[in-house]
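Work through the exercises below with the coordinates open. Each task is followed by a stepwise solution.

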Amino acid sequence: MSEIRFEGVERRFHRPGGNFLALENICFEVAEREFVALVGPSGCGKTTLLRMAAGLDFPTGGRVLVGNREVRGPGPDRAVVFQQFALFPWKTIRQNIGFGLKCKGTPLTQRREIIEHYVTLMGLQGHGDAYPHQLSGGMQQRVAIARSYALEPDVLLMDEPFGALDAQTRVLMQEELVRLARDNPRTVLFITHSVDEAVYLADRVIVMTPRPGRISAIIDIGLVRRTERWIDCEHIEEVMAQKSFVHLRSRIWRLLRGLESSGETVGRAMETGVG
Amino acid sequence: MAALNGPTPAVRAGTLLEAWVLPAFGIVTFLMLWAGCTAAGLAPARLLPGPGAAAAEFIDLTHTPYSGAVLQVHLLASLMKFSLGYGLAVLTGVPLGLMMGRYRIVEWAIAPLYESIRFIPPIAWVPFSILWLGTGFLAPTLVIFSGAFSPCVLNAYRGVHTADRAVLEAAQTLGAGRWATMTEVLLPAALPDIVAGLRVAAGFAWQSLIGAELIVGSTGLGYLIIQGESNLSSTVVVAGMITIGLTGAAIDFAMLRAERFVRRNWGQ
Ligand SMILES: Nc1ncnc2c1ncn2[C@@H]1O[C@H](COP(=O)(O)OP(=O)(O)OP(=O)(O)O)[C@@H](O)[C@H]1O
Ligand SMILES: [Mg+2]
């Protein structure tokens, strides 16, 4: 029971010059063990949505439910990878990764094992006893990812988790995430600026528009992925070369540019857009 | 660390000048003015002893007991009162400040009371400390406590408020309970501020200790000075003052090192 549901969510912020409507009428669901990616221009409210699922922010209208229960606060069943990492500067990399396990009361020997597993998985060998400020931005981001993976939560909320990584590491992390999702699927809400990343990783991609933040389209990728058997491809570049991938990607790009406003109005939007 | 290994020659010359030459120049000039004033007879030796006489008295005090003890024992007595009062202030003030920063209820309940009490100077506690604790070891300790308590509370409180909210939120999403949030997140997050506060508090405590010993006490550096005064021995007063100043500077230096250590390890 770990599905995430947004029911008519609205979020207003108080600002000196009056109210600011950041999100309006957001309705969607991330089904149990589904991977949903959110894309949209900067400031359209992606982080705000994710924070509401995490229990760090609350809607001013509508409801946010996780596992059929209204979200009342943060908890270790929903791990968050923050856009700004939010590592503990006074803890070593190992202590950062192990913090959630320690809070959960995992015995020390077992905790050590799990920590070592994720240190290796994230390519952080030799840095386990360093402090976050001694690592590069990309390495810090991997620590943040490891810290949330280590808890093996039902729900993963990831806010541009690969944003600070170089191209090669980013691809490695994406492939790793696909492997994790295949071996042990979780409910994932994933924010990204990269359309390629969204199409490669997600079962569904939600495209948002700003001012106020609204959902403009929801695109199903899972069906295409299964029928075109992307899973048989070992590397991301093979998937990206598939016709079906290219097609989906350009469709999302058009949506982001505003040429296509939603599924049923495609024809009309295309006409006016081209004309 | 690596950055400190290869300073350019220009930087090295600058720091050498700043670290040694200029301070030495300042001290030598001061001593010369001081010696000049007394040598020229501007002030009689009874009112202002020269540096030579003060130094001689200083050395003399280290092996000849004055007012019941040699200088080191007086210093030790002062330091013990300092440690006790200061330690108590840190152990109670810092947790209180953290609680005030973390829980609104505590803040609302305590802040107005605290805001008025903290403007009472430590010395104003002397009458009550004598009434409650007599004229022995403990009375000055209470005075030090009241001097050190305020900066401890204030800086811990401030530290929590300036702490990165994102880190606190991360801890909550990782399932940190109240205790873990306090000890593993808020305390370390506030530590740079707390240590800065501890340094201020140490200075306050040391000053208020001497003030208290001037009024009440049978040992300690403040007591030594007062005895010197009543025996009309100005050299004892000056030697005592120098010891107080140097010890205060040493305490502050140690606290400064601690502060730098924390800031460096916190990546600031
Ligand atoms: N605490 C707040 N107070 C006032 N306005 C806020 C607050 N948090 C977010 N906003 C506003 O809400 C809008 C959405 O912010 P949000 O951080 O969710 O955007 P985002 O889609 O994550 O952007 P980005 O891609 O740049 O991270 C922005 O216009 C922002 O200014
Ligand atoms: Mg964001």
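A:Gln83 is partly exposed at a relative accessible area of 31%, where partly exposed is the range between buried (under 20%) and exposed (over 50%), with a 1.4 Å probe and protein chains only. The model is predicted: local features need pLDDT of at least 70, side-chain atom pairs count only at pLDDT 80 or more, and totals for chains, interfaces and linings use all residues. Residues are numbered from 1 along each chain as its sequence is written, chains are lettered from A and ligands numbered from 1 in the order in which they are written, and side-chain values use heavy atoms, with hydrogens and water left out.

**Exercise 1.** Determine which residues coordinate the magnesium ion (ligand 2) and where they lie.

Step 1. Donors are N, O and S atoms within 2.8 Å of the metal (3.2 Å for Na, K and Ca); water is not among the atoms, so sites may look incomplete. The donors found are OG1 of A:Thr47 and OE1 of A:Gln83, at 1.9 to 2.5 Å.

Step 2. A:Thr47 belongs to helix 1 of chain A, while A:Gln83 sits in the loop between strand 6 (78-81) and helix 2 (93-104), so the pair ties together parts 36 residues apart in sequence. Helices (H or I, at least four residues) and strands (E, at least two) are DSSP runs, numbered from the N terminus.

Step 3. A:Thr47 is also partly exposed, at 29% relative accessibility.

**Exercise 2.** Describe the shell around ligand 1.

Step 1. With a heavy-atom limit of 4 Å for being near, 14 residues surround ligand 1, and A:Arg15, A:Ser42, A:Lys46, A:Thr47 and A:Thr48 are the closest.

Step 2. By class, four are nonpolar, seven polar and three charged. Helix 1 of chain A gives the largest share, three residues.

Step 3. Oxygen atoms of ligand 1 lie 2.9 Å from a polar side-chain atom of A:Arg15, 2.6 Å from a side-chain N or O atom of A:Thr47 and 3.2 Å from one of A:His193. Taken alone, ligand 1 exposes 630 Å², of which the protein buries 66%.

**Exercise 3.** Is B:Ser129 buried or exposed, and what does B:Ser129 touch?

Step 1. B:Ser129 is in helix 5 (residues 126-133) of chain B and is buried, with 0% relative accessible area.

Step 2. A polar side-chain atom of B:Ser129 lies 2.7 Å from the backbone oxygen of B:Val126.

Step 3. Leaving out residues up to four places away in sequence, B:Ser129 touches B:Gly134, B:Ala139, B:Leu142 and B:Val143, contact being heavy atoms within 4.5 Å.

Conventions:
Polar contact = N/O pair within 3.5 Å; in protein donor to acceptor, adjacent residues only side chain to side chain. Areas by Shrake-Rupley, 256 points an atom, 1.4 Å probe, with all protein chains shown as cover. Nonpolar A, V, L, I, M, F, W, Y, C, P; charged D, E, K, R; others polar.
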